[in-house]
Amino acid sequence: MNKLLTATSRAPQAAQSGFRWRQLASPPVFFAWAGRAWPWFAALALLLAAAGLWVGLVLAPTDHQQGEVYRIIFLHVPAAWMSMFIYLIAAAHAGLGLVYRTRLSPLLARALAPTGALFTVIALWTGAAWGKPTWGAWWVWDARLTSELILLFLYLGYLGLVSAIEDPQRADSAGAIVLLAGVVNIPIIYFSVQWWSTLHQGATIRWNAAPSMNQTMLAGMLLMALACWAYALAVALVRTRCLILERAQEEQL
Amino acid sequence: MLKAVFVREMRLAQRRPAQALGGLLFFVLVGSLFPLALGPDSALLQQIAPGVVWVAALLALLLGQHQLFEGELADGSLEQWALAATPLWLLVGMKVAAQWLIAAVPLLLAAPVLGWQYGMTADAVGVLLAALALGTPSLSLLAALGAALTLGLRGQLLLALVVLPLSIPILIFGSHAVTQASLGLSAAPALNLLGACLCLALLATPWAIAQALRLALE
């Protein structure tokens with residue numbers, strides 16, 4: 001392992017003369033940069049989450065229609081945003097890796113996917129916990145819920161395929177094809193589900209149909225969204241570092 | 001070369017009819033299980049028929065697809081395909097077209113029987129046939145993509161795990177078209193969307209399958 005670390009710490013010296021973003025595409029440079037950056041993102045995530053939770057749970061007023069239950073949106077909405085953003089970002093990286101054969105991009109896609117799946121699960125879980133007291137049901141076959149569930153399946157399909165293929169190069173490219181096919185499908189899924197489900201049931205309560213949001217609530221939600229961003233970045237950076245080490249080890253064998 | 005691929009597929013299917021018709025038997029069996037499990041309430045059966053027929057067709061088409069390219073990989077003809085003057089995506093498209101004729105066309109022929117079992121109206125059966133004719137090629141292409149991606153891997157469930165989420169729109173549009181028809185509404189929008197999905201699948205998947213096969217060959 002020590003040999004690996006010295007091998008990976010040789011390159012960053014070039015980066016010190018003049019740091020450019022494109023250098024991060026090189027795994028050794030990225031390894032060093034991520035090692036320095038992730039504690040900052042982790043600390044930022046903690047700070048923002050503490051602030052967001054304080055604003056959300058203490059400062060924000062009680063909703064006059066839903067009571068205290070609405071406070072779950074401070075976790076639910078950022079998680080739902082992140083679940084979709086992360087999928088797009090992972091797919092973009094996977095596409096870059098497929099086209100330009102960059103070494104780092106597939107690793108980033110792979111590092112982001114578990115976090116994306118986690119956020120999808122959180123969004124679904126908190127949504128169910130909110131739906132039970134508000135709608136009276138844990139689950140409704142509404143367009144949004146269903147497409148979020150399918151997003152989870154797409155993540156799981158990607159993770160399952162990537163972990164089943166032993167050859168890393170093939171795993172990266174096959175995973176990229178699956179991710180990109182999923183991106184093509186996401187708008188189709190969203191609209192198909194929307195049209196299909198509106199046939200069976202009337203309009204359900206959507207949060208954007210509620211009275212316009214209080215400023216404090218919005219602030220809390222945005223703080224939490226930023227916290228989720230920082231958390232996702234920190235976790236993805238750490239995971240990418242692990243993947244870089246794994247690959248380096250495989251290449252040396 | 002293209003003709004040779006097509007003839008080979010047909011001859012293989014002819015020599016092993018059990019394998020080719022297994023999907024058909026599965027389709028009819030699954031379709032007949034639902035009335036047995038739910039009871040012979042004709043109103044309920046009529047309501048669930050489009051979804052049941054579509055899910056049965058989807059599963060029947062995915063069944064056994066994990067071996068789609070295994071023979072070619074084992075005897076080396078896949079490498080010859082990759083080296084041939086004819087582009088790989090064209091050869092793959094031809095193979096999938098032949099597979100569609102072998103696996104999906106029997107389903108189309110059996111679908112009216114299943115529809116009548118569920119008490120569907122003649123209009124709805126007609127729309128069901130049109131929807132299956134438009135939707136099953138996309139499903140065959142997606143299944144082939146899954147087979148190419150999981151070629152040589154253990155675990156047949158992986159194929160379903162990858163392909164099922166991608167095939168959800170086709171399932172939704174397909175059963176939506178039939179539901180509309182059985183309610184006496186126009187099925188044209190859903191059929192148009194199925195056609196659009198087919199265009200997209202025809203455009204993108206042969207290339208993706210070829211790419212995935214090259215990965216498996218490396």
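**View 1. Helix 4 and helix 8 of chain A cross in a right-handed manner.** In this predicted model, local features need pLDDT of at least 70 and side-chain atom pairs count only at pLDDT 80 or more, while totals for chains, interfaces and linings use all residues. Residues are numbered from 1 along each chain as its sequence is written, with chains lettered from A and ligands numbered from 1 in the order in which they are written. A crossing is right-handed if the near helix is turned clockwise from the far one by less than a right angle, and left-handed if anticlockwise. The axes of helix 4 and helix 8 (residues 215–252) of chain A come within 9 Å and cross at roughly 45°; axes are lines fitted to C-alpha atoms over the stretch in contact, and angles run from 0 to 180 degrees between N-to-C directions. The two helices are therefore oblique to each other, a class left over after roughly parallel (under 35 degrees), roughly antiparallel (over 145) and roughly perpendicular (65 to 115). Residues making the contact include Trp81(A) and Ile86(A) of helix 4 and Met224(A) and Cys228(A) of helix 8; two residues are in contact if their C-beta atoms, placed from the backbone, lie within 7 Å.

**View 2. Ala90(A) lies in helix 4 (residues 73–100) of chain A.** Ala90(A) counts as buried because 28 C-beta neighbours lie inside 10 Å; the cut-offs are 20 or more other C-beta atoms within 10 Å for buried, 12 or fewer for exposed, and in between for partly exposed, with C-beta atoms placed from the backbone. Leaving aside neighbours within four places in sequence, Ala90(A) has contacts that include Ala109(A), Leu112(A) and Leu179(A). Ala90(A) and Ala176(A) are 86 residues apart in sequence, yet their C-alpha atoms are 8.8 Å apart in space.

**View 3. Chain A contains eight helices and zero strands.** Helices (H or I, at least four residues) and strands (E, at least two) are DSSP runs, numbered from the N terminus. Of the 253 residues in chain A, 40% are buried.

**View 4. Chain A meets chain B through 24 residues of chain A and 20 residues of chain B.** On the side of chain A that touches chain B, helix 6 (143–164) and helix 7 (168–200) are the elements that give two or more residues. Helix 7 of chain A gives the most, with 15 residues.

**View 5. Helix 7 of chain B has a kink of about 30° at Gly135(B).** The kink lies shortly before the proline Pro137(B); the bend at a residue is the angle between axes fitted to the seven residues ending there and the seven starting there.
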